[in-house]
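I opened a notebook on this structure. I wanted the overall picture before any single residue. These are my entries.

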Amino acid sequence: MTTLNPSLARSSEILGDLSSRFRADFPILAQKTPDDRPLIYLDHAATSQKPQQVIDAMQRYYSCDNANVHRGAHQLSARATESFEAARTTAAGFVGAHSPREIVFTRNASEAINLVARSWGDSTLREGDEVLLTVMEHHSNLVPWQLLAQRTGCVLRHVGITDDGRLDLEDFQAQLSERTRLVSLVHISNTLGCCNPLEFVIPAAHAVGALVLVDACQSLAHQSIDVVALEADFLVGSSHKLCGPTGMGFLWARETLLEAMPPFLGGGEMIQDVFLDHSTWAVLPHKFEAGTPAIGEAVGMGAALHYLQEIGLDAIQAWEAQLTQHLFARLQAIDGLRILGPTPEQQPGRGALATFLVEGVHANDIAALIDASGICIRSGHHCCQPLHRLYGVSASARASLSFTSTMEEIDAFAEELSSTVSFLREHS
């Protein structure tokens with residue numbers, strides 16, 4: 001079971017309330033509603049807000065250094081290339097990669113998973129090979145493998161969950177076999193909030209000769225991750241969930257895997273030499289980065305990762321654990337409300353979010369009404385339709401936190417939610 005490192009509690013005591021120290025860096029959080037209420041943003045699992053440092057970094061690039069990378073001999077191109085590759089180095093350090101060559105820039109995590117499915121999957125898997133997924137996966141970690149199965153004839157299997165909303169390790173072990181070629185799973189579920197035990201999953205997969213892909217979109221901004229220590233094979237992340245800009249993400253993979261994989265897209269930048277009838281490929285990671293990249297967005301993501309490193313991922317995890325405990329306590333006091341996934345007591349290392357159902361009340365109605373009070377939460381299936389079908393519902397509501405969230409925001413949300421539920425029940 002994943003537990004909170006005891007040192008995290010100590011670091012939280014030293015640093016105290018992170019929101020009071022860093023919230024002012026986020027200009028959007030100072031907004032007021034038309035009736036002068038403070039904006040309360042509790043949808044960080046969908047997309048994070050951006051600090052001024054990231055906005056400034058992107059502004060500097062477009063104002064001072066805008067040029068194409070790797071291709072020009074002039075000073076603007078040199079500066080743009082330096083900033084672009086510095087972001088890659090920062091990303092490599094952020095996940096503990098051996099080398100920046102192991103970081104492939106993509107548009108988002110969805111593209112990164114598709115890259116693995118198209119390149120590694122198409123070239124490696126054959127009919128009857130198995131890919132082991134889970135029922136809690138985001139659609140981005142389901143659909144690419146469904147398409148791969150249609151192309152190759154490989155078989156998809158799905159691990160279930162326990163009654164308390166955690167990965168069923170007995171089912172995982174039972175479905176893992178010598179036919180399993182890849183295990184692809186989320187680190188922290190965007191709906192259940194459970195933190196999957198990679199320290200168990202990865203060695204078990206490797207023992208049968210399978211590789212492991214980790215969807216770390218919901219964990220990278222909230223806890224420290226070291227891909228070398230985990231002994232993972234692939235890991236994907238998305239900038240917009242890391243206080244960075246949209247349209248940017250990355251794939252980390254072991255260098256030996258990337259060397260063996262064929263290109264994903266063809267075009268400029270990813271080539272070494274082009275002839276009329278054949279081409280040779282650029283060195284890593286450029287083999288996988290066809291065309292002009294999202295340079296400004298890469299610079300922005302690099303600034304965001306540096307910002308999170310300066311705060312400290314251990315401190316962020318410790319503060320968010322306190323916030324999550326408070327969120328659960330307030331929600332559990334509301335009659336007829338059910339939270340999906342493990343509680344902080346059951347799994348101290350769980351994600352900083354709470355997805356919930358309210359008996360007799362639709363999640364979309366809740367979200368719409370509390371939005372009128374300036375409180376932003378998520379409602380719907382959260383790109384996890386199979387999981388919602390498992391629970392027999394079409395939608396749920398979700399409040400998700402970050403280190404900028406406050407206890408007072410949670411209290412205001414809980415009070416507004418309670419009155420909204422009462423109102424909807426009275427008028428249903």
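Predicted model: local features only at pLDDT ≥ 70, side-chain atom pairs only at ≥ 80, totals over all residues.

**Entry 1: the whole chain**

I began with the secondary structure and counted 15 helices and 15 strands in the chain. Helices (H or I, at least four residues) and strands (E, at least two) are DSSP runs, numbered from the N terminus. Next came the radius of gyration, which is 22 Å for the chain, close to the 22 Å that the globule rule gives for 428 residues, so the chain is as compact as a globular protein of that length. That radius is taken over C-alpha atoms, and the globule rule is 2.2 Å times the number of residues to the power 0.38.

Residues are numbered from 1 along each chain as its sequence is written, and side-chain values use heavy atoms, with hydrogens and water left out.

I looked up the extent of the C-alpha trace. Along the principal axes of the chain, the trace spans about 70 × 55 × 40 Å.

**Entry 2: burial, contacts, surface and charge**

How much of the chain is buried? Buried residues make up 55% of the 428 residues. Buried means under 20% relative accessible area, exposed over 50%, and partly exposed in between (1.4 Å probe, protein chains only).

I then checked contacts, meaning heavy atoms within 4.5 Å. Among contacts between residues at least 6 apart in sequence, 71% join residues at least 24 apart.

The accessible surface of the chain comes to about 17,600 Å². Carbon and sulfur atoms hold 51% of that surface. The areas come from the Shrake-Rupley method with a 1.4 Å probe; for residues, only the protein chains shown count as cover.

For charge, I found 29 positive and 49 negative charges, with mean positions 3 Å apart. Lys and Arg count as positive and Asp and Glu as negative; His and the chain ends are not counted. I placed each charge at NZ of Lys, CZ of Arg, CG of Asp or CD of Glu.

**Entry 3: cysteines**

I searched the whole structure for disulfides (a pair of cysteine sulfur atoms within 2.5 Å). The search finds zero. C243 is in no disulfide, and the nearest cysteine sulfur, that of C217, is 14 Å away. C243 counts as buried, at 5% relative accessibility. C154 is buried as well, with a relative accessible area of 6%.

I picked L198, which sits in helix 8 (residues 198-207). L198 is buried, at 1% relative accessibility. Which residues does L198 touch, not counting residues up to four places away in sequence? They are L185, H187, P203, V214 and L230. H187 is eleven residues from L198 along the chain, and their C-alpha atoms are separated by 7.3 Å.

S77 belongs to helix 4 (residues 75-95). S77 has 0% relative accessibility and counts as buried. Beyond residues up to four places away in sequence, S77 touches A67, N68, V69, H70, R71 and G72. The C-alpha atoms of S77 and A67 are separated by 5.0 Å, with the two residues ten apart along the chain.

**Entry 4: a loop contact set**

E269 lies in the loop between helix 10 (255-260) and strand 9 (271-274). Is E269 buried or exposed? At 15% relative accessibility, E269 counts as buried. Leaving aside neighbours within four places in sequence, E269 is in contact with V69, H70, R71, A282, H286, E289 and G291. V69, H70 and R71 are also among the residues that S77 touches. The C-alpha atoms of E269 and A290, 21 residues apart along the chain, are separated by 5.4 Å.

**Entry 5: backbone details in loops**

I found a cis peptide bond between L284 and P285, with omega about -5 degrees. P285 is in the loop between strand 10 (279-281) and helix 11 (295-311).

D36 is not a glycine, although its phi is positive, about 70 degrees. D36 sits in the loop between helix 2 (18-22) and strand 1 (40-41). D36 is exposed, with a relative accessible area of 55%.

H382 has a positive phi of about 55 degrees, and H382 is not a glycine either. The place of H382 is the loop between strand 14 (378-380) and helix 14 (385-391). H382 is buried, with a relative accessible area of 7%.
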